[in-house]
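My notes follow in the order in which I looked things up.

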Amino acid sequence: MADRTKPKTDEVGELELPIEHFLTYRLLTLTNHLNRQAMHILETQASLRLPEWRCLAFIHQCSCARGKASLHEVAEETAMDRGLVTRSVQGLVSKGHVLTERDSKDRRVVHAALTRQGHELFQRMLPVMRQRQMQLLNALSPHDRKSVYRILDRLNTAAEEYDYENLRQ
């Protein structure tokens, strides 16, 4: 395996960046690996797809705070495409885990809330998913955990602030 920690430079001092050194590639490969693991757990233990779990978890979080969540909120907070959220919530509705209703004041807005069955499923799967998170975090020291989260926050801010228009020039 190539040494991923020290990018090489070419003869004029420019960084050579094989794909393994692209931050986006590294994050994508890690995300894909972790998603495959999560998909396997959710499919085998709960008959859920990963996007359904993410919607279920966010709707549960909102249910605890105010009883329901709009599908727009779910899309925003989970960083999922609105169409994927709609399909995922429809799947949860068909499985009896979620109820939806249109907003009485704005018919374009759809609210979702967990059913009792949805709450029970969430409570059953949450310890499993938390255990998975802890296994991942246990690979890091407490200091490294704080550093990872701090770095991810910085990268997220940088990505949000990046001026894509200047990229074309």
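**Entry 1: a residue in β2**

I began with T100, which I found in strand β2. The model is a predicted one, and I read everything below with that in mind.

Is T100 buried, exposed or partly exposed? Its relative accessibility is 39%, so I put T100 down as partly exposed. Next I listed what T100 touches, skipping residues up to four places away in sequence. The list holds V89, V93, V110, H111 and A112. I also took the distance from T100 to V110. The two are ten residues apart in sequence, and their C-alpha atoms are 6.6 Å apart in space.

**Entry 2: the sheet**

What is the order of its strands? I read β1-β3-β2, an open sheet of three strands with antiparallel pairing. β1 (69-70) and β2 (98-102) each have a single partner strand and stand at the edges, so one side of each lacks a neighbour in the sheet.

I then counted bridges. β2 and β3 pair in the antiparallel sense over five bridges. β1 and β3 (residues 110-114) also run antiparallel, joined by two bridges.

S70 has H111 as its bridge partner. E101 stands opposite H111 as well.

How many residues of β3 are buried? I noted four of five, so β3 is mostly covered.

**Entry 3: helices on the sheet**

I looked next for what lies on the strands. Helix α2 (residues 50-66) lies across β1, β2 and β3. Its direction makes about 90° with that of β3. Helix α4 (residues 82-94) also packs on the sheet, where it touches β2 and β3. I noted about 120° between the directions of α4 and β2.

In α2 I picked out H60. Its relative accessible area is 10%, and the cut-off for buried is under 20%. H60 is therefore buried. Leaving out residues up to four places away in sequence, H60 touches L114, H119, F122 and Q123.

**Entry 4: α3 against α4**

I turned to the pair α3 and α4. Helix α3 (residues 71-78) packs with α4 at an angle of about 120°, and the axes are 9 Å apart. I therefore call α3 and α4 oblique to each other. Their crossing is right-handed.

Which residues make the contact? From α3 I listed L71, H72, V74, A75 and T78. From α4 I listed R82, V85, T86 and V89. I sorted the residues of this contact by type: five are nonpolar, three polar and one charged. V89 was already in my notes, as one of the residues that T100 touches.

**Entry 5: L92 and H97**

I stayed with α4 for L92, which lies in that helix. Its relative accessible area is 0%, so L92 is buried. Which residues does L92 touch, not counting those up to four places away in sequence? I found L48, E52, C55, L56, H97 and V98. I also checked L92 against T115: they are 23 residues apart in sequence and 9.9 Å apart in space, C-alpha to C-alpha.

H97 was on that list, so I followed it up. H97 lies in the loop between α4 and β2. Is H97 buried or exposed? With 7% relative accessibility, H97 counts as buried. Setting aside neighbours within four places in sequence, I listed its contacts as L48, L56, L92, A113, L114, T115, Q117, G118 and L121. L48 and L56 are contacts of L92 too. L114 is also touched by H60.

**Entry 6: the whole chain**

I counted six helices and three strands. From the N terminus on, the elements run α-α-β-α-α-β-β-α-α. How much of the chain is buried? I noted 28% of the 169 residues. For contacts with a separation of 6 or more, I looked up the share between residues 24 or more positions apart. That share is 48%.

Definitions and conventions: Residues numbered from 1 in each chain as written. Predicted model: local features only at pLDDT ≥ 70, side-chain atom pairs only at ≥ 80, totals over all residues. Heavy atoms only, no water. Pairing = 2+ DSSP bridges. Contact = heavy atoms within 4.5 Å. Axes fitted to C-alpha atoms, helices over the stretch in contact; angles between N-to-C directions. Parallel < 35°, antiparallel > 145°, perpendicular 65-115°, else oblique. Left-handed = near helix turned anticlockwise from the far one by under 90°. Nonpolar A, V, L, I, M, F, W, Y, C, P; charged D, E, K, R; others polar. Buried < 20%, exposed > 50% of the residue type's maximum accessible area, 1.4 Å probe, protein only.
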